[in-house]
Amino acid sequence: MWETCSVQLNVRLPRDIAAQAEEVQRTDPDFLSRVILYGLTRRAIYENLRSQQSEDAGDGGISPQVI
């Protein structure tokens, strides 16, 4: 699939959510990795679409508007 490497993230969470995250990490260690990968993938797609939209708007064409 992909070549992977380990990273360490430090996040500040409300205590109740932090306790839930610790429990999830203990019971299903891969879950949080999958959630973070999913979130970063969505962000990359969103940023790519936004940059394409900006480029398309700069070519003199009509850009869609959200009403």
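I looked up the largest pocket and recorded about 810 Å³ of space in it. A pocket here is an open set of points on a 1 Å grid over the protein atoms alone, where a 1.4 Å probe fits, with protein on both sides within 12 Å along at least five of seven lines. The volume is the space filled by probe spheres set on the points, which are joined across faces, edges and corners.

I worked on a predicted model, in which local features need pLDDT of at least 70 and side-chain atom pairs count only at pLDDT 80 or more, whereas totals for chains, interfaces and linings use all residues. Residues are numbered from 1 along each chain, and side-chain values use heavy atoms, without hydrogens and water.

I then listed the lining (residues with an atom within 4 Å of a point): it has 21 residues, with V7, L9, L32, S33 and I36 nearest the pocket centre. By class I noted 15 nonpolar, 4 polar and 2 charged residues. α2 gives the largest share, 7 residues; α1 (15-27) and α2 (29-57) each supply at least two.

I counted 2 helices and 0 strands in the chain, as DSSP runs (helices H or I, at least four residues; strands E, at least two).

I next examined the helix pair: the axes of α1 and α2, lines fitted to C-alpha atoms over the stretch in contact, come within 4 Å and cross at roughly 115°. The contact (heavy atoms within 4.5 Å) involves A21, V24, Q25, R26 and T27 of α1 with P29, F31 and L32 of α2. These residues divide into 5 nonpolar, 2 polar and 1 charged.

Technical notes. Ala, Val, Leu, Ile, Met, Phe, Trp, Tyr, Cys and Pro count as nonpolar, Asp, Glu, Lys and Arg as charged, and the others, Gly among them, as polar. Axes are lines fitted to C-alpha atoms, for helices over the stretch in contact, and angles run from 0 to 180 degrees between N-to-C directions.
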